[in-house]
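The following exercises ask the reader to work from a structural model towards a description of its parts. Each task is followed by a solution in steps.

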Amino acid sequence: AAADTVPAGTFPSFMAEGSLLCRRGEYDKALACFNNALKLRVGDKHCLVARSKCYLKLGDTENSLKDAEASLQNDKTFSKGLYQKAETLYTMGDFEFALVFYHRGYRLRPELQKFRLGIEKSQEAIVNCIGSPSSVKLEIKEDLCFISRQAESKKANQKLQIKLTKDQKWTRKQEPVRNPKTERQLLGELYADKAYLEKLLKDKDLMESSTKQGIKVADLVLSGISYLDTRSEFWQQQKPIYARVRERKLRQQRWIRDKKRKPAEVGRYIVKSMEDIDMLLTGDSPEECCKKAERVLKTIQGWSDEEVPNKNELIGNLHSCIGNAQLEMGQMEAALQSHKMDLEFARQNNLPDAESRALDNIGRVYARIGKFQQAIDTWEEKIPMAKSSLEKTWLFHEIGRCYLELNKAEAAQNYGQKSLQSADEEGDVEWQLHATVLVAQAQVKLKDYRSAIMNFEKALEKAKLIHNEAAQKAIIIALDDVSKSFIEELNERREETTIAFSSPDYDYSSENGKDDNSGKYREREESDQSTENRGEKQNEDARNYKDGNNE
């Protein structure tokens, strides 16, 4: 949706399209979008972070780290760049350096939970690798200067070592690294892939062949096995087998303990979950919001009424959240069903606020799918439940807009005037603008052009007051069209008057009648002339508004 609202081929369009592709898991295509975006804005730190995430998802940690560091080149306090660099280092297995950058980000942005979680997982990974710091005892038994010199000598000798030949590498790769059972537990589903690659190594004819690009099949197979070995070592360091067994036991104990959940824990869980759901919905992640709400709904339904006193109210609220997320995803029928379930729970448990919310949402869905009469019926049922003038303003405006869509202009005008009255009570200029435009549009359909022109001019003043340029342009165009229609109507009326005067059936027999009639027609003609002059003046004003705006 974001990509459709910006011009194609621009930096925002490439960024929006790349973000959408990342969400879908199409990282190669997303990478191309971010590359195009960086051509337009070289060195943009937000784009570099986005591309770094793509590289990380594709397993290219080297380029991911380069982009993360580049995003910090001009701004060392850029929190997104710090987090991305920390994530990349963590994935590479450099847990100590990752911990450093998680701490830097946490000092700058302590309110962001992701840095705190990064610190915790880095510390846990380090402990899994080398053990707890309390278990390490330092003892001085030799001359530390000697040890330092020995280490320097060893480092110098390493530079002079001869590199292994391919045959030696092959032999080294074929040596078993660890117990097959342990490796199966570490690799999981990937263990079958590694076994297949190792089986291919035994086919010497295949290993000596090459691809169309000139790459030896043996090199490809060995690189695949090497990658799987690296990943298994990483997973072994991050969470060894003994840690997994211990974690499984802890999870079982936690599950038994959670059966007797305390009220405070229940409250914290519900509040945190509802905050997360709301954040996901407002953060343009409706799919994740829907999944999260469904999980929480299933959890709460499994609890007793004693654990959750307001259980029915929460269930209705979660149905509402699911319906709103489904509406954002375009799943109209599913959204309608979710909001109807919310309405049913509200009525069964006598919850007026929840009932008002459900009617509001059902009306929105009906209006979105073009069922305007159903939307009107639903919203009119909600009118007595509206508590504030602002709520009434929105409600009357939406009902009037639906009537306008059904070509019931008189009803649309009435609801537009009600909306304007409520907006005046609230003192909300923006809603005064919307209501005035609705009234003017209804008057155009009723062919009350003079009143429509006056209301469009009032709306134009309000649009200028809140600096809404888009509304000003639209109103000026509407004023121009209405003025033309008004002038055409005046010309038609004048032609009808002229035809009436020139008719041979006109009665001149009575002198008094003549005087009276001539006076009446003269008054009418003057009235029409003045009306025409006002219409032409208003049309000219509208053109001046339009020309001034274009300048």
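**Exercise 1. Asparagines with a positive phi**

Task: State where N407 lies, and determine whether N407 is buried or exposed.

Solution. N407 sits in the loop between α21 and α22; helices (H or I, at least four residues) and strands (E, at least two) are DSSP runs, numbered from the N terminus. This is a predicted model, in which local features need pLDDT of at least 70 and side-chain atom pairs count only at pLDDT 80 or more, while totals for chains, interfaces and linings use all residues. Residues are numbered from 1 along each chain as its sequence is written, and side-chain values use heavy atoms, with hydrogens and water left out.

The next step is accessibility. N407 counts as exposed because its relative accessibility is 57%; the cut-offs are under 20% relative accessible area for buried, over 50% for exposed and in between for partly exposed (1.4 Å probe, protein chains only).

The last step is the backbone. Most residues other than glycine have a negative phi. N407, although not a glycine, has a positive phi of about 60°. N350 is another non-glycine residue with a positive phi, near 55°. N350 belongs to the loop between α18 and α19, and its relative accessible area of 65% makes N350 exposed.

**Exercise 2. Helix α21 and its cover**

Solution. Begin with the length of the helix. From its first C-alpha to its last, α21 reaches 24 Å, close to the 24 Å expected for its 17 residues at 1.5 Å a residue; the expected span is 1.5 Å times one less than the number of residues.

Then count the buried positions.

For comparison, consider helix α17 (residues 311-328). Its end C-alpha atoms are 26 Å apart, which agrees with the 26 Å that 18 residues should span at 1.5 Å a residue. In α17, 13 of the 18 residues are buried. G330, which follows α17, has a positive phi near 85°.

**Exercise 3. The largest nonpolar core**

Task: Identify which residues of the largest nonpolar core touch the most other members, and which helix gives the most to this core.

Solution. A nonpolar core is a set of buried Ala, Val, Leu, Ile, Met, Phe, Trp, Tyr and Cys residues joined through side-chain atoms within 4.5 Å. The largest one has 25 residues, of which W379, I399 and Y403 touch the most other members. At least two residues of this core come from each of α18 (332-348), α19, α20 (372-382), α21 (389-405), α22 (409-426) and α23. Helix α21 gives the most, with seven residues. Domain 3 (261-385) and domain 4 (388-496) each contribute at least three residues to this core; the domain bounds come from an automatic or database domain assignment.

Next, follow W379. Apart from neighbours within four places in sequence, its contacts (heavy atoms within 4.5 Å) include L359, R364, A367, W394 and I399.

R364 can then be viewed from its own side. R364 lies in helix α19 (residues 352-368) and touches W379 and W394, residues up to four places away in sequence not being counted. With a relative accessible area of 38%, R364 is partly exposed.

**Exercise 4. Record annotations and Q443**

Task: Describe what the chain does over residues 439-466, and determine whether Q443 is buried or exposed.

Solution. UniProt lists residues 439-466 as "coiled-coil region" in an unreviewed entry; its positions are given in the numbering used here, feature names are shortened, and annotations may be inferred rather than shown by experiment. In the model, this stretch is 86% helix and 0% strand, with its end C-alpha atoms 19 Å apart.

Q443 is in helix α23 (residues 429-445). Its relative accessible area is 5%, and therefore Q443 is buried. Residues up to four places away in sequence aside, Q443 touches Q413, D448, S451, A452 and N455.

Over residues 356-389 the chain is 74% helix and 0% strand, and the end C-alpha atoms are 15 Å apart.
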